[in-house]
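Dear colleague,

I am passing on the structure below, and I would be glad if you could look through it alongside the notes that follow.

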Amino acid sequence: MIQTLTITRPDDWHLHLRDGAMLEGILPETARDFGRAIVMPNLVPPVVTAKDAAAYRARIMAAMPAGAGFVPLMTLYLTETTDAEDVAAAHASGLITAVKLYPAGATTNSDSGVANFDRVQGVLERMAEIGLPLCVHGEVTDPSVDIFDREAVFIDRVLDPLRRRVPELRVVMEHITTADGVAYVMAHDERLGATITTHHLIINRNDLLVGGIKPHYYCLPIAKREEHRVALVAAATSGDKRFFLGTDSAPHTDPNKESACGCAGVFSATNTMSCLAHVFENASALDKLEGFTSLHGPAFYGLAPNTDKITLTKHADAQAFPDKIKTGAGDVTVFNPGFPLHWTTTPPTFRS
Ligand code: DOR
Ligand code: ZN
């Protein structure tokens with residue numbers, strides 16, 4: 001029996017595309033299924049100014065596979081010296097879609113992030129005025145806070161006070177990993193949204209640690225207890241418009257992952273839609289997949305949904321996806337969901 005599902009072409013509201021040979025190698029993996037993506041600015045050095053974002057956008061477009069209808073939505077990396085005028089001009093010209101807040105030291109390439117939030121108050125107020133969303137990596141960096149508690153503590157110590165200081169600011173809690181994150185979003189209005197990754201809907205901390213450490217499941221925020229994963233699936237499949245897909249697909253080469261001090265990041269661009277179809281089908285919520293991947297995100301950002309469609313097909317037999325993507329920077333391991341994938345996608349415009 002073949003089952004098909006045709007939905008509005010999805011977008012990825014949180015993606016790492018990197019630069020150079022890595023960008024070239026992995027961009028086709030997202031451009032195949034997705035119409036647009038919010039592109040994270042945590043390059044080395046980070047994308048801080050409008051000028052940096054324009055140059056990065058040009059490099060992405062130069063790496064774009066022929067025929068891809070994919071549009072990168074650029075972001076700026078918020079620092080304590082970010083100039084509100086530069087941000088406002090970048091927004092007015094249509095160059096950027098969001099600004100990204102990394103607490104200093106929270107994750108990969110976050111050293112230039114914000115330590116003193118008083119220093120960014122003016123930029124945040126300006127963003128609220130012009131309706132430019134802030135994407136937030138929601139983890140405290142205080143070394144005394146347990147890594148599994150960093151998201152919940154961030155909500156109390158940083159996020160809630162920040163939102164009280166600038167109540168009109170539109171905020172995306174990115175890659176939420178806890179029932180606490182879900183509850184915080186649900187307790188507020190539509191100015192607050194949250195992205196959820198594919199992998200956090202599938203793995204818990206046992207998958208990461210039991211029976212041997214699995215470096216390709218290591219990401220930040222770290223996967224939590226099963227009860228949190230269950231809360232994330234409930235939120236994603238609920239149809240609530242405040243929750244939408246942000247894969248946080250974050251490539252690192254295998255030697256950088258399979259190391260005594262491995263990098264954080266899961267690369268899921270290649271099979272994300274297939275994994276999500278499985279998760280939503282298991283939750284008897286295939287009818288909610290389009291909202292999560294294709295409609296809620298554009299609504300939050302005030303953009304129209306994509307006009308083209310993709311078709312998902314369920315096959316009786318398990319379907320093969322590549323284990324690794326070969327790039328000029330090295331091999332990148334593709335997310336292994338730990339179950340056979342039966343769904344494939346037929347994208348509208350492009351296949352590599
Ligand atoms: O796991 C992660 N990897 N989390 C992040 O926040 C950053 C990302 C990366 O850039 O590799
Ligand atoms: Zn990320």
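In which loop is Pro 45 found? Pro 45 is in the loop between strand E3 (36-39) and helix H2 (50-63), where helices (H or I, at least four residues) and strands (E, at least two) are DSSP runs numbered from the N terminus. The peptide bond that leads from Val 44 to Pro 45 is cis, with omega near -5°, and the bond from Leu 220 to Pro 221 is likewise cis, with omega near 0°. Most peptide bonds are trans.

Please bear in mind that this is a predicted model, in which local features need pLDDT of at least 70 and side-chain atom pairs count only at pLDDT 80 or more, while totals for chains, interfaces and linings use all residues. Side-chain values use heavy atoms, with hydrogens and water left out, residues are numbered from 1 along each chain as its sequence is written, and chains are lettered from A and ligands numbered from 1 in the order in which they are written.

The zinc ion (ligand 2) is coordinated by His 14 (NE2), His 16 (NE2) and Asp 248 (OD) at 2.0 to 2.1 Å, donors being N, O and S atoms within 2.8 Å of the metal (3.2 Å for Na, K and Ca), with water not among the atoms, so that sites may look incomplete. Asp 248 has a positive phi of about 55° although it is not a glycine, and it is buried at a relative accessible area of 6% (buried means under 20%, exposed over 50%, partly exposed in between, with a 1.4 Å probe and protein chains only). His 14 and His 16 are buried as well.
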